[in-house]
Amino acid sequence: MNKPEITTLGELNKSGYQSRSIKDELRDNLLKNIKNGANSFEGIHGYEYSVIPELERAILSRHNINLLGLRGQAKTRLARLMINLLDEWMPIVAGSEINDDPLRPLSRYARESIKEEGDSTNIEWVHRDERFFEKLATPDVTVADLIGDVDPIKAANLKLSYADDRVIHFGMIPRANRSIFVINELPDLQARIQVALFNILQEGDIQIRGFKLRLPLDMQFVFTANPEDYTNRGSIVTPLKDRIGSQILTHYPESIEIARTITQQEARKDSRQQESIHVPSLAKDLLEQISFEARRSEYIDAKSGVSARMSITAFENLLSTAERRAIMAGEEKTTIRLGDFIGMIPAITGKVELVYEGEQEGAASVVQSLLGEAVKSLFVEYFPEIKKLERQNEKSPYDDVINWFFDQSDFQLLDDLTESQYRQLIDSIEPLDKLVKKYQPDFPKEDVYFLKEFVLWALVEYKKLSKYRLSEGIRFKDLYGSYISGLQ
């Protein structure tokens with residue numbers, strides 16, 4: 001909708017415009033979306049039957065909201081999407097510092113303007129995108145920042161005494177009147193600053209330096225926070241929690257499919273990468289499985305969480321690893337290889353908080369173990385389980401592949417292999433080709449080489465083969481054969 005052409009208070013009154021509080025505005029527009037079957041939170045996945053219904057109920061109840069959850073759970077994204085539930089345009093008294101409603105003016109400036117000019121009072125229109133304010137709570141935030149303070153420079157310029165309310169400089173919250181105001185990481189806000197929010201949340205007014213100033217602000221507050229047992233830096237004071245209408249718990253994706261959807265949506269992909277790099281479906285699943293393994297790993301602090309951003313940045317690194325490899329080999333197109341996953345380690349090591357045992361192992365070593373566990377978790381979905389203990393002379397589906405490596409002195413998958421060289425080398429393992437055709441005969445042809453390499457990695461994880469990382473690639477060998485040769 002184009003910006004309304006109404007420019008004066010008289011025209012606004014004639015148009016039949018009626019004031020609504022922001023909470024009623026959000027509520028009414030949400031009800032319209034629900035009736036029309038429209039999605040109010042487009043781009044949010046995995047919350048359809050958990051978080052979003054609770055958030056919608058909170059909006060319908062006109063509540064201020066606290067989104068509580070670990071990092072990387074789309075808390076801020078949810079808050080920002082609430083903008084779409086606002087009316088597209090909102091009228092204010094022209095020149096107002098606090099978005100004064102022309103029909104319900106609050107500030108002295110707006111009241112005096114309307115008193116002097118009447119129906120000729122100028123009106124400005126504010127787009128909904130400008131009605132979202134966000135503040136990251138840090139220990140240095142002051143009451144003056146959020147609510148306001150006396151401005152001595154303004155007092156001197158206007159030649160006013162400090163007893164005159166015109167010397168007040170409004171803080172972020174009054175300036176966000178009739179808007180959505182988000183405070184991220186609320187526990188980081190000092191307790192005395194949290195106390196300053198009590199009146200705003202309960203009575204809707206503010207107090208500045210002892211002035212008898214009552215501004216019934218019209219606000220929609222959204223707070224985000226990590227669980228208090230993780231946030232050692234501070235906590236939300238109990239009276240403030242009591243004044244927040246709804247506390248909604250967020251969570252991580254509950255399935256690989258949802259996690260994949262989020263990663264593909266959020267990852268920044270160069271158009272050239274999309275055209276030149278094929279990513280097998282199994283590779284995408286394996287990438288997401290690493291996050292699932294990390295969230296239950298004994299080496300990683302579960303209280304700190306494993307952000308969805310980890311999978312996103314890891315996927316970006318994965319594409320860049322394959323892109324770099326292809327360029328160095330002089331090729332225009334390539335397919336993701338399992339060896340490329342080594343290149344995403346730097347994107348993961350900084351995203352996880354290690355416990356003491358994890359620090360002892362080392363971040364890179366922990367990430368490689370997560371990759372191994374992810375391979376094992378997905379392997380059983382495609383092939384028969386590899387048992388830890390087998391009966392003597394018992395035939396295994398993998399015996400032929402293992403025996404093939406027993407006869408090979410050196411099998412290396414180098415990083416700089418061209419696509420044809422890589423495929424030729426994989427095809428040389430004839431028992432591997434028979435195994436894949438037997439158990440996955442309908443596997444997509446363009447993905448089958450990734451699947452074959454996946455089998456080799458799984459045999460390593462199940463202690464059937466050995467794998468060594470070389471500076472220029474990976475060497476696979478028979479486990480016991482290489483051990484015996486090492487003794488000779």
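The largest pocket holds about 680 Å³ of space. The structure is a predicted model, with a mean pLDDT of 89 for the protein. Two sites are described below, followed by remarks on confidence.

**Largest pocket**
- The lining comprises 31 residues, and those nearest the centre of the pocket are Gly72, Gln73, Ala74, Lys75 and Arg309.
- Three helices, α4 (75–81), α12 (256–266) and α15 (308–328), each contribute at least two residues to this lining.
- By residue class, the lining of the largest pocket consists of 10 nonpolar, 12 polar and nine charged residues.

**Asn64**
- Asn64 is located in the loop that runs between α3 (51–60) and β1 (65–68).
- Asn64 counts as buried because its relative accessible area is 7%, below the 20% limit for that class.
- The Asn64 side chain comes to 2.9 Å from the backbone nitrogen of Phe221.
- Beyond its neighbours within four places in sequence, Asn64 is in contact with Lys23, Leu201, Met219, Gln220, Phe221, Ile244, Gly245 and Ser246.

**Confidence**
- Of the residues in the protein, 92% have a pLDDT of 70 or more.
- Residues 483–488 remain under 50 in pLDDT, and the model gives this segment zero contacts beyond four places in sequence.

Methods:
Residues are numbered from 1 along each chain as its sequence is written. This is a predicted model: local features need pLDDT of at least 70, side-chain atom pairs count only at pLDDT 80 or more; totals for chains, interfaces and linings use all residues. Side-chain values use heavy atoms; hydrogens and water are left out. pLDDT is the predictor's confidence in each residue, from 0 to 100. Contact means heavy atoms within 4.5 Å. Helices (H or I, at least four residues) and strands (E, at least two) are DSSP runs, numbered from the N terminus. Buried means under 20% relative accessible area, exposed over 50%, partly exposed in between (1.4 Å probe, protein chains only). A polar contact is a pair of N or O atoms within 3.5 Å; within protein, one must be able to donate a hydrogen and the other to accept it, and residues adjacent in sequence count only if both atoms are side-chain atoms. On a 1 Å grid over the protein atoms alone, a cavity is a set of points where a 1.4 Å probe fits but cannot get out, and a pocket is an open set with protein on both sides within 12 Å along at least five of seven lines; lining residues have an atom within 4 Å of a point. Grid points are joined across faces, edges and corners, and a volume is the space filled by probe spheres set on the points. Ala, Val, Leu, Ile, Met, Phe, Trp, Tyr, Cys and Pro count as nonpolar, Asp, Glu, Lys and Arg as charged, and the others, Gly among them, as polar.
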